[in-house]
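Keep the viewer open as you read.

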Amino acid sequence: MSEGDTLVVHVQNTVEDFSKFCQNVQSVKLQRAYFFTFLIPLLVVGFIFFRAAPDWISYRFELSNEQAQVASLVGLFTGLFGLLISLNFLKNRAHTGSLDPNGAFLQPFSLTLSDEGVRMESRGTRIEIVWSAILRAQETSTSFFLYVDRAMAYIVRRRDFVSQAQEEKFAEIVRAHL
């Protein structure tokens, strides 16, 4: 980047962008959390259910022990399937209800990249961030994320670039400074 050059990108985020960002940020945390707070207790409960349910089912419904074991396994897997489907449904929709349609996230803004840093401007807001304050950048197939905290980033969707050349210049500037 030569002295005085800047790159301006006009951005318009949507509720779906916010939801995908939250899923991206939380995916690593959720993987660990699910393992310790969900999967292990579920396996313990499942083991207890698998050991106790056949006796109860065979007594209650006068089935053989083998039939009761099959019935308890079918019930256990049906319950697990329903639980996993509901967790996925909630995870995908948990973040979208917290956005105000007139709030800052859904307002259009512009990012200006220069040698000094990144400037974000929107209706009534102007924020200047030096490059050293940007912790990391992440590039996905649909977006660029400029992280200023573990769970806060400026999202620039690839659709926001006016041309492929502008997108390449954006990526080049970010890589050069981070």
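Start at Glu-167: leaving out residues up to four places away in sequence, Glu-167 touches Phe-144, Arg-158 and Phe-161. Bear in mind that this is a predicted model. Glu-167 sits in helix 3. Is Glu-167 buried or exposed? With a relative accessible area of 11%, Glu-167 is buried, because the cut-off for buried is under 20%.

**The helix and the sheet**

Helix 3 covers residues 164–177 and lies across strand 1 and strand 2, running at about 115° to strand 1. And the sheet? There is an open sheet of four strands, in the order 1-2-3-4, with antiparallel pairing. Strand 1 (7–11) and strand 4 (125–130) are at the edges with a single partner strand each, so each has one side left without a neighbour in the sheet. On average, and ignoring direction, neighbouring strands of this sheet are turned by 15° against each other.

For a look at one pairing, take strand 2 (residues 109–113) and strand 3 (residues 117–122), which pair in the antiparallel sense over five bridges. Here you'll find Leu-113 standing opposite Val-118 in strand 3.

**What's in the core**

Leu-113 turns up again in the largest nonpolar core, which has 20 residues. Leu-113 is among those with the most contacts inside that core, along with Leu-111, Leu-146, Val-156 and Phe-170. Which elements each supply at least two residues of this core? They are strand 1, strand 2, strand 3, strand 6 (143–149), strand 7 (152–157) and helix 3. Helix 3 gives the most, with four residues.

Setting aside its neighbours within four places in sequence, Phe-170 is in contact with Leu-7, Val-9, Leu-113, Phe-144, Leu-146, Val-156 and Phe-161. There is also a second, separate core of five residues, and Phe-21, Phe-145, Ala-153 and Ile-155 are among its members.

**Aromatic pairs**

How many aromatic pairs does the structure hold? There are five. Take Phe-144 and Phe-170: their ring centres are 5.1 Å apart and their planes stand at 65°, so this pair is edge-to-face. Phe-144 lies in strand 6 and Phe-170 in helix 3, so the pair ties together parts that are 26 residues apart in sequence. Another pair, Phe-145 with Tyr-147, is tilted, at 6.2 Å centre to centre and 45° between the planes.

| Residue | Relative accessible area | State |
|---|---|---|
| Phe-144 | 5% | buried |
| Phe-170 | 0% | buried |
| Phe-145 | 5% | buried |
| Tyr-147 | 2% | buried |

Phe-144, Phe-161 and Phe-170 form one aromatic cluster. Phe-170 is in contact with both Phe-144 and Phe-161, and Phe-170 is buried at 0% relative accessibility.

Methods:
Residues are numbered from 1 along each chain as its sequence is written. This is a predicted model: local features need pLDDT of at least 70, side-chain atom pairs count only at pLDDT 80 or more; totals for chains, interfaces and linings use all residues. Side-chain values use heavy atoms; hydrogens and water are left out. Two strands pair if DSSP finds at least two bridges between them. Axes are lines fitted to C-alpha atoms, for helices over the stretch in contact, and angles run from 0 to 180 degrees between N-to-C directions. Contact means heavy atoms within 4.5 Å. Buried means under 20% relative accessible area, exposed over 50%, partly exposed in between (1.4 Å probe, protein chains only). A nonpolar core is a set of buried Ala, Val, Leu, Ile, Met, Phe, Trp, Tyr and Cys residues joined through side-chain atoms within 4.5 Å. Rings of Phe, Tyr and Trp (its six-membered ring) pair if their centres lie within 6.5 Å; planes under 30 degrees apart count as stacked, over 60 as edge-to-face and the rest as tilted.
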